[in-house]
Amino acid sequence: MIGRVDWIISPRHSLYVRYSPAASHPAAVFDPHDILVTSTTRNDEHAQTFVLGDTFTVSPTTVNSLHLTVGRRRNDRGTNPNGINAASLGVANLYQGTKNFLQLSVNNGGFAIGCGTCALGRFPITSFQVANDVDILRGKHQLAFGVDILRTRDGQDNHYQDNGVFNFDGRYSNDPLLDFLTGKMNSFSQSGQQLNDLVQTVFMMYAQDTYHVTPRLVANFGLRWEPLLPEHDRYNRGSTFSQAAFNAGQVSQVYVNAPAGSLFYGDPGIPNGFTDKRLANLSPRLGLVYNPDGAGKTTVRVGGALLYDSVGTFIPYRMVAQNPPYGPQVTNTSGPYQFSNPWGNVPGGNPFPLPAPAKNVPFPLANAEAFLPPHIHSPSVVQWNASVQHRLSANWVFSISYLGNKTSHLWIGNEINPAVYIPGTCAGKPCSSTSNTQARRVLTLANPATGQYYSQMTLGDDGISANYNGLLTSIEHRFARNYTLLLNYTWSKCLGIAPVTSLGTGVIQDPNNVRGDYGPCSYDVPHIFNASIVYLSRWGGTGWKAHLLNHWNIAPLIRYQSGLPVNPATGKDNSLTGVGNDRPDVISTQTYTGAPHGLFYQYVNPNLFAANQLGSFGNAGHFSLRGPGYFNVDVAVGREFRFVERFTLQARGEAFNALNHPNFGGPNATLSSATFGQIRGARDPRILQASMKLIF
């Protein structure tokens, strides 16, 4: 629903108010006969936006626009009241923060119960924004400048993993389902209740000028200032990690039982945002438009810009909500662990439930933590483009464009405390195995007494880059002679290391070789072709032929695109680093089988890869596989029937995937899975629909 009121105060002054509420109430699903449907959670979402806009004409050449915006969104997430948890299944010695929630995963072709975004939680977000823009015309110049201030408060009360998360990957019996039946987990984790109350200010100022240099040349240049002002928690929660402090045995003054290396706001030199401000984020841009003949038949455009991004408040939330002593997540990766008593063979035993944070609060062992580096850069992108558009005739237009960009300082999570592979045998057993991952972690080897407090440690790596280059051609017939036509083709390439800005768990195969994951972007599509046509039948005349042939509307839409990249995975921690992003070794030159389509379509050669050797990483490239392409034809046909002057009947029929062409999903790229290389899903088949509308 949207409500709006406009007030014309005077010929020079107008004001409007707009209010928009929205709500959604999907229910959580629980079926006592089918536990696998529990991945649908209850989300009571309420959102509302209030906008006040004011426009004042200072003079015939100067206009001021002011906008005030208040937004509020609340998401109350919950579980089905009839659900179960681990304790109700008989699991012993396990604290349960939620009465009816279970999260369990049988990997590599198994099944999953629950999900990370299904747990009980409340997520209120409130934002205030003030934006003012001034536009001025002065001779050949069209000037614009303004300011935009956004203040956001992002809260969280999340029971994310406080009931535990249990994983079975088949490493003990070579069958994930058999490991599940015998209760042998390769890993499990549990966290405290995760709380944060993050606030962030985004401040932007800009100035630009559109200058008509000559009747044939227009230049647009501008400058934008958007400093990075790190978010912080209103209660100063969160922490950082200093390798130098760890090496020196330096302990926090805020929490005296914290392990050396963990530092908090209140310790010397630690700001409440845990990283520096970036005040010199100046973004210049320039664009030129040139008309060589002066008649508008040919237009040449070139442009370039440097842009900075302000990272959303939820990106680094883990360092506030998850780091101890606030809502620590303890991750145990040195299985096997017995599902019936997960903490039974864990050093130090079960630390949950946790006491409230205090200066002398004890810290649990094997914490999974996330940090920002103290001198992080703002993500940025340099964009450039050039295009030529030429009018071939009165109705035909051809254009060719080159688009390019390079992104820098993307943030991704990288593991800084992996396990180190130690070859050979120790006391008659392998020195390195999945059962001693924690003992082989970098910090544990450096200082066993202190290192045992650290498990997975995700550091925001801001050295990630990506690049895109694309050539776009199009030819268009503007509507004339009863039809319009648009054809376009894009040839492009995108390369990078990570798909998105994220501070989740590590996404790199080898944490010490980030560049080794350089390859196609997850959304790299080299070839895209589109064709759209709209034809209206206008034959004129009278009689039955005119009634039969006139007033038809036919509109086909054709699309082809290359397949998306697929990342091969070993499916097991053969590198024995505890990271779990191993890729296999390539041993065949025949990647794809060319097999006929079928129920279990063997798309990738099952002998293409071999599991990487213990203690090593595979040589398969990141996103080095590619799924099948996509081809689709949609057709819409409409007809108007005019009975008398006042009545018109519109009939319309639509066919989606009119040719019923199979468009397959991506192949299973996990080598340890029995269905490796197979495609077991496809997009929608042909869908037909029809409608009629009477206009009077």
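The following conversation goes through a predicted model of a protein chain and asks what lies behind the words used for it.

Biologist: What makes up the chain in terms of helices and strands?

Modeller: The protein chain has 6 helices and 39 strands, and along its principal axes the C-alpha trace spans about 95 × 65 × 50 Å. Of its 696 residues, 42% count as buried, and residues 24 or more positions apart account for 69% of the contacts that have a separation of 6 or more.

Biologist: Why is the pair of glutamate 45 and arginine 73 called a salt bridge?

Modeller: The closest N and O atoms of glutamate 45 and arginine 73 are 3.3 Å apart. A salt bridge needs a side-chain nitrogen of Lys or Arg within 4 Å of a carboxyl oxygen of Asp or Glu, so this pair qualifies. Glutamate 45 belongs to strand E3 (residues 42-59) and arginine 73 to strand E4 (residues 62-78), and therefore the pair ties together parts that are 28 residues apart in sequence.

Biologist: Are these two residues buried, exposed or partly exposed, and what makes them so?

Modeller: Glutamate 45 has a relative accessible area of 29%, while arginine 73 has 32%. Buried means under 20% and exposed means over 50%, with partly exposed in between, so glutamate 45 is partly exposed, and arginine 73 also counts as partly exposed.

Biologist: How do you know that aspartate 233 and arginine 237 meet in a salt bridge, and which term describes how accessible each of them is?

Modeller: The N to O distance for aspartate 233 and arginine 237 is 3.0 Å, and because the limit is 4 Å, the pair is a salt bridge. Aspartate 233 has a relative accessibility of 0% and arginine 237 one of 15%; the limit for buried is under 20%, so aspartate 233 counts as buried, and so does arginine 237.

Biologist: Why can tyrosine 560 be part of a nonpolar patch on the surface?

Modeller: Tyrosine 560, in strand E30 (residues 552-561), has a relative accessibility of 37% and counts as partly exposed. The patch, whose members include Val382, Trp384, Phe529 and Tyr560, has about 1000 Å² of accessible area together, and strands E22, E23 and E27 each supply at least two of its residues.

Biologist: What makes proline 511 a buried residue, and where is it found?

Modeller: Proline 511 is found in the loop between E27 and strand E28 (519-520), and its relative accessibility is 9%. That value lies under 20%, so proline 511 counts as buried. Leaving aside neighbours within four places in sequence, proline 511 is in contact with Asn414, Glu415, Pro418 and Val579.

Notes: Residues numbered from 1 in each chain as written. Predicted model: local features only at pLDDT ≥ 70, side-chain atom pairs only at ≥ 80, totals over all residues. Heavy atoms only, no water. Helix = DSSP H or I, 4+ residues; strand = E, 2+ residues; numbered from the N terminus. Buried < 20%, exposed > 50% of the residue type's maximum accessible area, 1.4 Å probe, protein only. Contact = heavy atoms within 4.5 Å. Patch = residues over 30% accessible without salt bridge, like charges linked within 9 Å, V, L, I, M, F, W, Y side chains within 5 Å. Areas by Shrake-Rupley, 256 points an atom, 1.4 Å probe, with all protein chains shown as cover.
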